[in-house]
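Please keep the sequence and the structure in view while reading.

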Amino acid sequence: MIIVKIMGGLGNQLQQYAFYRKLESLGRDVRLDVSWFERPGEQEAVLAKRTMELNCFEGVRYRPASEQEIRGLLGRLWEEPESAVSRIRRKLLPSHNPCFVEQEMYHEEVFHFTDKYLAGYWACEKYYADILDGLRRELRFPVCADAAVERRNGDMIEKMASAESVSVHIRRGDYLDAVNEAMFGGICTEAYYEAAMAWIRERYPKARFFFFSDDIPYVREHYAGEDCEIIDWNTGQNSFYDMMLMSRCRHNICANSTFSFWGARLNAGEGKCMIRPSIHKNTQVCIPEQMKQLWAGWTLITPQGAVV
């Protein structure tokens, strides 16, 4: 049996779910461990508290791992301390370690495991690129319970369909915290967005940009052009409808955020352009040949505004 740990925000949850579905498509006996959301202690180190938003989608289907199944595979629950015997065995016989923790952008070996507990975010497009068409049909946004918001989103979808629409995601919020800024800051710079929008305008002179952000005042101050429009009404529990609207644009400019990655991935349009930063966090080094292979179909732009 394989158990995939699911954790983090909605974008990360979608990646872990897609990874789970990929393993399932290969005939693996696989489960999702959802306990991260059920134990407050698991989120102590997380600045933005998360809930299991994946279940908001209609069409989601998975087999949750039971406590017995987790203990049977891992020897303990994830949050429980590892025994001394287990630590020694893992160090002496690393190949017998029941847990595999993601360390690199892509691990080919995960597809050959038969009994393993897998912990990671699985952001790389290559993990599940070949099943994205099916996931787009499977992952359906529900009707919004707020009728006014539902109408407004419906009107915006029609507007986006009638224009050369481009979603632009600007994430600030928790990324401005000192710890997160050290990891994620300085990547999606103004130079990045200027270059991304210029790249789109060169190919689509009539492009119209629809901005999504957790810092609307910043966006209003910096992006007030005639071809720019700001989406500011999907808040609180309705925030994930921003992802729906991103997916209905013709093209997508993403932040270093898995939320906007999935806005682009769920975009079913033919001929779409998907732009993302060349690195996701500051500990990464962009190797162009590798990135183009692992993120096929994406246009990569550096923090300095250069197209890779």
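The points below cover ring pairs, a ring cluster and charges over rings. The model is predicted. The count of aromatic pairs comes to 21.

**The pair F57 and F240**
- The ring centres of F57 and F240 lie 5.7 Å apart and their planes meet at 85°, so this pair is edge-to-face.
- The pair links distant parts of the chain, as F57 and F240 are 183 residues apart.
- F57 belongs to the loop between β2 (30-33) and α2 (67-74), whereas F240 belongs to the loop between β7 (228-230) and α9 (241-247).
- F57 and F240 are both buried.

**The pair F261 and W295**
- F261 and W295 also form an edge-to-face pair, with 5.2 Å from centre to centre and 65° between the planes.
- Helix α10 (residues 258-265) holds F261, while W295 lies in the loop between α11 (288-294) and β10 (298-301), so the pair ties together parts that are 34 residues apart in sequence.
- Both F261 and W295 are buried.

**A cluster of rings**
- F19, Y106, F111, W122 and Y127 are linked into a cluster by ring pairs.

**Charges over rings**
- W295, the partner of F261 in the aromatic pair, also has R276 over its face, at 4.3 Å from the ring centre.
- K116 lies over the face of F113, at 4.9 Å from the ring centre.

Definitions and conventions. Residues are numbered from 1 along each chain as its sequence is written. This is a predicted model: local features need pLDDT of at least 70, side-chain atom pairs count only at pLDDT 80 or more; totals for chains, interfaces and linings use all residues. Side-chain values use heavy atoms; hydrogens and water are left out. Rings of Phe, Tyr and Trp (its six-membered ring) pair if their centres lie within 6.5 Å; planes under 30 degrees apart count as stacked, over 60 as edge-to-face and the rest as tilted. Helices (H or I, at least four residues) and strands (E, at least two) are DSSP runs, numbered from the N terminus. Buried means under 20% relative accessible area, exposed over 50%, partly exposed in between (1.4 Å probe, protein chains only). A charge sits over a ring if NZ of Lys or CZ of Arg is within 6 Å of the ring centre and within 35 degrees of the ring normal.
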